[in-house]
Amino acid sequence: MLNFEYCNPVNIVFGKGQIAKLSKLVPEGVKILVTYGGGSIKKNGVYDQVMQALEGRDVLEFGGIEPNPRYETCMKAVEIVKREKVGFLLAVGGGSVLDGTKFIASAALFEGEEPWDILTIGAEVKDAVPIGAIMTLPATGSEMNGHAVISRNSTGEKLAFWSQKVFPRFAILDPTTTMSLPERQVANGIVDTFVHVCEQYMTYPADTPIQDREAEGALLTLIEEGPKVFIDPTNYNVRANLMWAATVGLNGWMGQGCPQDWATHAIGHEITAFTGTDHGRTLALVMPALWKHEREAKRAKLLQYAQRVWGIQGGDPEKNIDLAIEKTVEFFKSVKIDASKRAYGLTDEICDKIVNVFNTRGVRLGERGAISGKEVGEILKLCAE
């Protein structure tokens, strides 16, 4: 097991009717900015619950944060935070809303010249406006971590940052708020969670049996519960299990002391930047191809995954790996994601541009740093037609 330090300060408030506790969770005597996305919270009743819980407080609103939150949009909110002297940010929505809010919180108190430096050169976030979250779309696990991903239209970039300063003070997770989500968003969230777990698990053995079992338990839960949500969308227990899986999938527990990959996410982010394809769908497209490309480096874990998650054992190890990858793709299809390059507009020209991005940045991806631009191109060629 690798050395690690771990601290997670987020207060999770889980279950039906928990939004009513908001007034006790948000500090008194501060101006609050409620951030949200396209306005679905005003249709499903969440907005009304929030405003009722905050009745009598000094509340402002900022809507329109995109599914891939844009720097340009976030900076408009930063202006409001500064001008109105906002003392608390409340993100209401999915992971993109919370990611955007994390950047707003950081940029509002950033001491440098250009807040985009937080993402491009890793400029330190020395302080941030306090954040709370009400999650309505389980997917990113952003409610219990310090990560955020932001896009910038003017440069075509999609980059991530992390800071201990942007861990939410609390996160309210009410599974009933997810019941009105479109099937597409539910499917994306399930795959995003599945791949989050795999990025921390599918590397090489590091004598981490507890973390491995946590990951395998989360994957089995997603495989069992994921298809059920499309059969019975109002099943509270299914919604609750998927919501909690998304949280634990990226709250750091299963990744401590383990080698991690994140190449699938890095490549997927670029596909989204160039094509606008949903994040979850880019992951479903890239991960099986990456596993095929890296099958020797990931061989031991792929065989462990085949046995423990899919019950595949005995016989030819190579066939077992192939079958495990096939079953993963079948699982994605069972939750209504059938990824292909053609469907998502990933042309040869765009693939070349993505390779050029990684060549220009000079980054090396994967748990061993073995994936450069050349390998990214090979992985993209392996993606399903």
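A salt bridge is taken here as a side-chain nitrogen of Lys or Arg within 4 Å of a carboxyl oxygen of Asp or Glu. The structure is a predicted model, in which local features need pLDDT of at least 70 and side-chain atom pairs count only at pLDDT 80 or more, while totals for chains, interfaces and linings use all residues. Residues are numbered from 1 along each chain as its sequence is written, and side-chain values use heavy atoms, with hydrogens and water left out.

Side chains of opposite charge can pair when their charged atoms come close. The structure contains 19 salt bridges. In one of these, Lys31 and Glu84 meet at 3.4 Å, N to O. This pair links distant parts of the chain, 53 residues apart: Lys31 lies in the loop between helix 1 (22-25) and strand 2 (32-35), and Glu84 in helix 3 (residues 71-84). Helices (H or I, at least four residues) and strands (E, at least two) are DSSP runs, numbered from the N terminus. Glu84 is partly exposed, with a relative accessible area of 27%; buried denotes under 20% relative accessible area, exposed over 50%, and partly exposed in between (1.4 Å probe, protein chains only).

A salt bridge of 3.3 Å (N to O) is formed by the side chains of Lys301 and Asp212. Because Lys301 belongs to helix 12 (residues 299-308) and Asp212 to helix 7 (residues 209-225), the pair ties together parts that are 89 residues apart in sequence. Lys301 is buried at 2% relative accessible area, and Asp212 is buried at 8%. Lys298 and Asp261 also meet in a salt bridge, at 2.8 Å, N to O. Here Lys298 is located in the loop between helix 11 (279-293) and helix 12, and Asp261 in the loop between helix 9 (236-249) and helix 10, 37 residues apart. Relative accessibility is 1% for Lys298, which counts as buried, and 8% for Asp261, likewise buried.

Strand 5 (residues 131-135) is largely enclosed by the rest of the structure, because five of its five residues are buried. In a regular strand the side chains alternate between the two faces of the sheet. Ile131, Ala133 and Met135 point one way from strand 5, whereas Gly132 and Ile134 point the other way. Strands are regarded as paired if DSSP finds at least two bridges between them. Strand 5 is joined in parallel to strand 4 (residues 88-93) by five bridges, with Leu89 as the bridge partner of Ile131. Four bridges connect strand 5 to strand 8 (residues 170-173), also in the parallel sense, and Ile134 stands opposite Ile172.

Strand 6 (residues 147-152) and strand 7 (residues 157-162) run antiparallel and are joined by six bridges, with Val149 opposite Ala160. The two strands form a hairpin with four residues between them, and Gly156 in the turn has a positive phi of about 70°.

A search of the whole structure finds zero disulfides, defined as pairs of cysteine sulfur atoms within 2.5 Å. For Cys198, the nearest cysteine sulfur, that of Cys258, is 13 Å away. Cys198 is buried at 2% relative accessibility, and Cys74 is buried at 1%.
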